[in-house]
Amino acid sequence: MPATSELMYSPFSKAVFDDPYPVYRRLRNEAPVYRDPEDRWWVLSRFEDVAGALRDWETYSSKLGPAPENPDDDGRKYSVISMDPPRHDRIRGVLKGFFTPRAVASLEGALQSVVDHHLGRLKRGTTVDAMEAFAFAVPTDVIGDLLGVPQADREQLRVWWEAFLTRHEGEVAMPQSAIEANRNISAYIGDLIDRRRTDPGDDLISIVLQATFHDPEIGDDRSLTPHEVLMFCNLLSAAGSETTQKLISNGLVALHDHPDQWQRIVSDHSVIPAAVNEALRYDTPSHWVARTLTRPVELHGVTMDAGDWVLLLLGSANRDERRYDDPDRFIIERPRGTDVYFGWGIHICLGQWLARREAQMVFEYVAKNFPDYAIGAHERVLTATVRGYTSVEMTLR
Ligand code: HEM
């Protein structure tokens, strides 16, 4: 077995990003508490360790944010995703009801018409770029409709979101293009919020603006401050689109690589919800989240100090052979228990039911209309934490 010292893992390496699973396996087996060679963070890769850390927010704090490259300060940059309770729970509570399975079921008609609109334009026998044809557009339109973003501005917003997440090979710092994109998104969403203040609608921005909650710190009910509104809406706009695009395209590529599993879907659409869960596990969009320690932690004989950054590799936990039998195979009907592809614990993805439903509808449309689709050349994009494609050649048949 190779010595631990030869094991190199960097979340910002293009080679790792292109095929992270071999290095994840080595991390789990050889160095379950791995120290970054430049001493910047620890890396946990086993399912039990990642799930345990996600549950223990008091030890594994989110206050500095979900990524060490651009630390936050208690949600000032990235809203709830970088807050601890009690603040986290109060702000998240504002929209909690909007994203439950029942609330998502009430959006069924709206979601289906977005899917039908984009996929209904595609013709059998043609070859398209699946990203351009529907994988970018469906999630962008769904979150665009929910936030009330005018149709004409959505593609620009999508391009900014992508630029915000894109990283340069080997560089930990956010590139200038990502910082500028972040500024543009904030200015755009800020403008939209100002318009909703004077002209409210039934969109998420108006709901966030009008919401009140009890704040024990001031001993009274209050609404979100303008900055809290902006950061929350920014987070929703970015989180709602990039990851779901990757789920749809990673899933269709994986199913093309597992034709027996795709045939299960074609002959029985009732397995689609399970197939979407398996797509989330098998080639997960969100590969890692980060935390900082509030106290020293000893794990597998290694002590991590208070204040240290810890990367939690969701992508590796999803393939841990200690948790999943035959983890490198796509198996729709594998037994399911806790999975961590949407995170776990208090920060578990707010939009998980929405994302699942969007992907389920796309898979169903493809199964009904293009049951023998084929995948050609596909190219990945290097981003901070989200792994997926920028183009996927798909022949519709
Ligand atoms: C396949 C699609 C998606 C994936 C894989 C995904 C993944 C995740 C993960 C891993 C987290 C936890 C972050 C952490 O623990 O630090 C998270 C949080 C979050 N997600 Fe998603 N997400 C997806 C879609 C969405 C959608 C569609 C929305 C909104 C419309 C959304 C909104 C959020 C929000 C607001 C949080 C922060 C929750 C909190 O901190 O309490 N996500 N997501």
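Guide: The crossing of helices α4 and α12 is right-handed, a word used where the near helix is turned clockwise from the far one by less than a right angle, with anticlockwise giving left-handed. Helices here are DSSP runs of H or I with at least four residues, strands are runs of E with at least two, and both are numbered from the N terminus. This is a predicted model, in which local features need pLDDT of at least 70 and side-chain atom pairs count only at pLDDT 80 or more, while totals for chains, interfaces and linings use all residues. Residues are numbered from 1 along each chain as its sequence is written, and side-chain values rest on heavy atoms, without hydrogens or water.

Helix α4 spans residues 87-96 and helix α12 residues 226-239, and they pack at an angle of about 65° with their axes 12 Å apart; the axes are lines fitted to C-alpha atoms over the stretch in contact, and angles between N-to-C directions run from 0 to 180 degrees. The two helices are therefore roughly perpendicular, a label for 65 to 115 degrees, as against under 35 for roughly parallel, over 145 for roughly antiparallel and oblique for the rest. From α4, the contact draws on Arg-87, Ile-91, Arg-92, Val-94 and Leu-95, and from α12 on Glu-228, Phe-232 and Leu-236, where contact means heavy atoms within 4.5 Å. By class, this meeting has five nonpolar, no polar and three charged residues, with Ala, Val, Leu, Ile, Met, Phe, Trp, Tyr, Cys and Pro counted as nonpolar, Asp, Glu, Lys and Arg as charged, and the others, Gly among them, as polar.

Arg-92, part of that contact, leads on to the ligand, since among the 29 residues around the ligand those that come nearest are His-88, Arg-92, Arg-291, His-347 and Cys-349; a residue is near when one of its heavy atoms lies within 4 Å. An N or O atom in the Arg-92 side chain is 2.7 Å from a ligand oxygen, and for the side chain of His-88 the distance is 2.6 Å. A backbone N or O atom of Val-80 lies 3.4 Å from an oxygen atom of the ligand.

The shell around the ligand takes at least two residues each from α4, α12, α13 (242-257), β7 (288-293) and α17 (352-369), and α13 gives the most, with three. By class, this shell has 19 nonpolar, eight polar and two charged residues.

Terms used:
A polar contact is a pair of N or O atoms within 3.5 Å; within protein, one must be able to donate a hydrogen and the other to accept it, and residues adjacent in sequence count only if both atoms are side-chain atoms.
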